[in-house]
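Please work through the following exercises with the sequence and structure at hand. Each task is followed by a solution in steps.

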Amino acid sequence: MSERKVAFVTGAGSGIGRATAGLFAARGYATMLADLNETGGRETEAAIRAAGGEATFVSCNVADDASVQNSVEQAVATYGRIDAAFNAAGIDGDAGRLTADCTLENWNRVIAVDLTGVWYCMRHQIPQMLKQGGGAIVNCASTAGLRGAAYCGVYSAAKHGVVGLTKAAGLEYAAQGVRINAVCPGMIRTPMTQAGPMKAVIDDMVVTTPIGRLGEPEEIGAAVLWLCGDDATFVHGQAIAVDGALTSR
Ligand SMILES: NC(=O)c1ccc[n+]([C@@H]2O[C@H](COP(=O)([O-])OP(=O)(O)OC[C@H]3O[C@@H](n4cnc5c(N)ncnc54)[C@H](O)[C@@H]3O)[C@@H](O)[C@H]2O)c1
């Protein structure tokens with residue numbers, strides 16, 4: 001059992017999840033690294049351990065309720081509790097298509113991972129946090145969850161869903177010591193934006209953003225750490241944009 005605070009991070013094998021897990025570990029949290037991608041998850045685990053932090057990888061498919069339940073149980077078995085959960089696993093699917101051209105397969109896949117996956121995580125994290133007397137959950141939405149994102153209809157729908165789910169759950173558990181918020185990143189330098197089919201589109205769009213650059217994954221992680229920490233104890237049920245003023249226009 002760990003005497004440290006414990007952070008559970010999905011999507012910890014890459015990008016925003018990986019960077020945030022690293023920040024949690026640097027802040028002294030023991031970290032449970034949940035991801036479908038074992039190679040990426042093990043790399044994050046090795047990097048955190050090499051830096052002197054505490055990390056354990058667990059294989060997890062957030063679109064599979066039993067897999068999520070197992071990973072949450074593994075976290076509790078390994079470290080005894082979950083103080084902070086960052087639900088960052090996500091996909092952009094077959095982005096770049098018009099809404100009428102989205103396939104049923106793509107629709108179902110993106111909703112399953114990006115929306116239902118967040119609910120699966122919360123439905124196992126919340127009872128654990130209630131049992132232990134409190135905790136903080138941050139769901140990773142997107143600026144695409146605050147306004148429309150053309151050519152990413154299902155992604156935008158799923159992320160709006162994450163914002164709605166976060167607000168509803170934030171209302172329900174505010175008085176019980178479980179704080180539930182969402183972070184809404186703008187365009188961030190990760191494999192999702194830099195290795196996928198949207199790279200050229202995103203690189204063009206970034207030039208016209210107020211800040212004129214991509215965000216770094218650690219800039220999202222810093223907001224997540226704040227949301228999970230003792231400086232944010234009155235912050236409940238919010239969806240906070242961290243986007244270089246992208247949505248301020
Ligand atoms: N990069 C951006 O600009 C941006 C902007 C807004 C929101 N987001 C959101 O941030 C989150 C992280 O994205 P990222 O940019 O770091 O992407 P990424 O592709 O670098 O990392 C996503 C991680 O999620 C994991 N994952 C995917 N499907 C999974 C599943 N079914 N079960 C478990 N793990 C799974 C992947 O293996 C990967 O390690 C996502 O929810 C994404 O929608 C990203």
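**Exercise 1.** Determine how the axes of helix H3 and helix H4 come together and cross.

*Solution.* Step 1: helix H3 covers residues 65-79 and helix H4 residues 104-132; helices are DSSP runs of H or I with at least four residues, strands are runs of E with at least two, and both are numbered from the N terminus. Step 2: the two axes come within 9 Å and cross at roughly 30°, where axes are lines fitted to C-alpha atoms, for helices over the stretch in contact, and angles run from 0 to 180 degrees between N-to-C directions. Step 3: Val-68, Val-72 and Val-76 are among the H3 residues that meet H4, whose partners include Tyr-120 and His-124; contact requires C-beta atoms, placed from the backbone, within 7 Å.

The model is predicted, with local features needing pLDDT of at least 70 and side-chain atom pairs pLDDT 80 or more, while totals for chains, interfaces and linings use all residues. Residues are numbered from 1 along each chain as its sequence is written.

**Exercise 2.** State the strand order of the open sheet and identify its edge strands.

*Solution.* Step 1: seven strands, paired in parallel, follow the order S3-S2-S1-S4-S5-S6-S7; pairing requires at least two DSSP bridges. Step 2: S3 (54-59) and S7 (239-242) are the edge strands, each pairing on one side only. Step 3: within this sheet, S5 (residues 135-140) is joined to S6 (residues 178-185) by six bridges, and Cys-140 has Val-183 in S6 as its bridge partner.

**Exercise 3.** Find which strands helix H5 lies across.

*Solution.* Helix H5 (residues 153-173) lies across S5, S6 and S7, and runs at about 160° to S6.

Key: Two residues are in contact if their C-beta atoms, placed from the backbone, lie within 7 Å.
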